[in-house]
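Please walk through this structure with me, one part after another. Keep the sequence and the model in view as you read.

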Amino acid sequence: MPAWQKRSADAAFAVVVTAIVLLASAYAGGVDAVDYALMAVGSLALVAHRALPRTVLAVTTACLTALVLHAEPTTTAAFPVLGAVHAAAHRGHRGVGLGASAVFLTGFYAAAPGDPGIVERTLLLAGWFVCALVTGIAGKTWQAYLRQTEERALEAERTREEAALRRAGEERLRIARELHDSLTHSISIVKLQAGVAVHLARKRGEEIPPALLAIEEASGEAMRELRSTLEVLRTDEPTGSPALLVERARSAGLAVELTVTGRERPLSPEVDRAAYRIVQECLTNAARHAGGSASVRVRLGYGERELVIRVVDDGAGDAARPPVEGTGLTGMRERVAALGGVLWVGPRAEGGFAVRAELPLDAVPHARGEEAEGGGTLLEARRLKGAAQ
């Protein structure tokens, strides 16, 4: 609801309550100009119940308590106080609302202690005040639940693209493994068998069949193309730059500041990919755990021999409770370790969370096992050549 509509609704509510109290008192009789003034001030104060709930509660309780003490106490005089108690409880001021209820009920009873029906009316009003407190607390809880649900929906929307990219990368790796296991070995054997046959034919001085040469050449070409395809499938290239990640985070509602120091220059594919993924994971974690009002500072420092990445947020991190590393932090640590860098993650003493990664610019990633993949083929070649000789 727009702000002007809320103000209009509050004004209308205050006017209706004021009219009810004034008309009921006028019908009952026994009131003077002072009583009407107390009723008007105490009821019209409800206009500001959203912005100043405790002030409104104090003014309403004081005016209407004075009213019941000055004139004959009526049940309708409690309506403005009930509304103010509900508003205060809804804003989280339960103790203040309870105290105001006790003050009004005490004044209501003290106004006519000899009235035979005063006890019954006081108990009835006490039940109404309890309902006002409970409904205010329930409304606050419900709004907190709605806000939490909305934040979860926004977080799911922010992480949907990254989850899709992660699933696509996992599927590429699965396809690469399947192709390697099912095709690479078989084609290697065909190539080696053809090569051994060509070798034996030449050794014996026989004419080499053209089909055999074609098989050897075609299998070699197929092996090269297959390895090239597998390399493409295995590649986890970033889909942008840290600056693009920052822009995406800003468009999603996260307050992010990017600072680049030093002489910015092209990085090797391994370092560039690691830097992108580290910044991406840090921004994702900040969006999930730091809170919607948190701000994030991303700093990229280009040195002569290393790239320093520092991501700091002022969210809900607590130095007394170290984080439990999940898949994201573990992946960052593995990427940095593979390049021979240093990674530090943890909550800050002043609050929030910080990540610092130092990546050597001349880093060479550890071997990923390509030689091991070809080991079986090499052993097979040696076995076939030995059998041929």
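Cys-131 is partly exposed, because its relative accessible area is 48%. Here buried means under 20% relative accessible area, exposed means over 50%, and partly exposed lies in between (1.4 Å probe, protein chains only). Cys-282 is buried, because its relative accessible area is 6%. The structure holds 0 disulfides. A disulfide is a pair of cysteine sulfur atoms within 2.5 Å.

A word on the source: this is a predicted model, in which local features need pLDDT of at least 70, side-chain atom pairs count only at pLDDT 80 or more, and totals for chains, interfaces and linings use all residues. Residues are numbered from 1 along each chain as its sequence is written, and side-chain values use heavy atoms, with hydrogens and water left out.

Start with helix H1, residues 3–28. Helices (H or I, at least four residues) and strands (E, at least two) are DSSP runs, numbered from the N terminus. H1 has 26 residues and reaches 38 Å from its first C-alpha to its last. That is close to the 38 Å expected at 1.5 Å a residue. The expected span is 1.5 Å times one less than the number of residues. The buried residues of H1 are Asp-10, Ala-14, Val-17, Thr-18, Val-21 and Ser-25. H2 and H4 are among what covers them. After H1 comes Gly-29, with a positive phi near 80°.

Now move to helix H3, residues 53–70. H3 has 18 residues and spans 25 Å from first C-alpha to last, close to the expected 26 Å. Its buried residues include Pro-53, Val-56, Leu-57, Cys-63 and Val-68. The buried residues of H3 pack against helix H2 (33–44), helix H4 (79–90) and helix H5 (94–111).

Is Thr-65 buried or exposed? Thr-65 counts as buried, because its relative accessibility is 10%. Leaving out residues up to four places away in sequence, Thr-65 touches Val-103, Phe-104 and Gly-107. Contact means heavy atoms within 4.5 Å. Ala-58 also lies in H3. Ala-58 is partly exposed, because its relative accessible area is 47%. From C-alpha to C-alpha, Ala-58 and Val-96 are 9.0 Å apart in space, while 38 residues separate them in sequence.

Next comes the sheet. How many strands form it, and in what order? The open sheet has 5 strands, in the order S1-S2-S3-S5-S4, with mixed pairing. Strand S1 (255–262) and S4 are the edge strands, each pairing on one side only. The twist averages 10° from one strand to the next. Two strands pair if DSSP finds at least two bridges between them.

Follow the pairs. S1 and S2 run parallel, joined by 8 bridges. Leu-258 stands opposite Val-298 in S2. S2 and S3 run antiparallel, with 7 bridges. Gly-301 has Val-308 in S3 as its bridge partner. A hairpin of 3 residues joins S2 to S3. S4 and S5 also run antiparallel, with 6 bridges. There Val-342 stands opposite Glu-358 in S5. H8 packs on the sheet and touches S1 and S2. The direction of H8 makes about 160° with that of S1. Axes are lines fitted to C-alpha atoms, for helices over the stretch in contact, and angles run from 0 to 180 degrees between N-to-C directions.

Last, look inside. A nonpolar core is a set of buried Ala, Val, Leu, Ile, Met, Phe, Trp, Tyr and Cys residues joined through side-chain atoms within 4.5 Å. The largest nonpolar core has 33 residues, and Leu-283, Ile-309 and Leu-359 touch the most other members. Among the elements that each supply at least two residues are helix H8 (242–251), helix H9 (269–290), helix H10 (327–338) and strand S5 (353–360). H9 gives the most to this core, with 10 residues. Setting aside neighbours within four places in sequence, Leu-359 is in contact with residues including Val-271, Ile-278, Ile-309 and Val-336. A second, separate core has 32 residues, including Ala-14, Val-17, Ala-78 and Leu-125. Two of these names, Ala-14 and Val-17, are also among the buried residues of H1.
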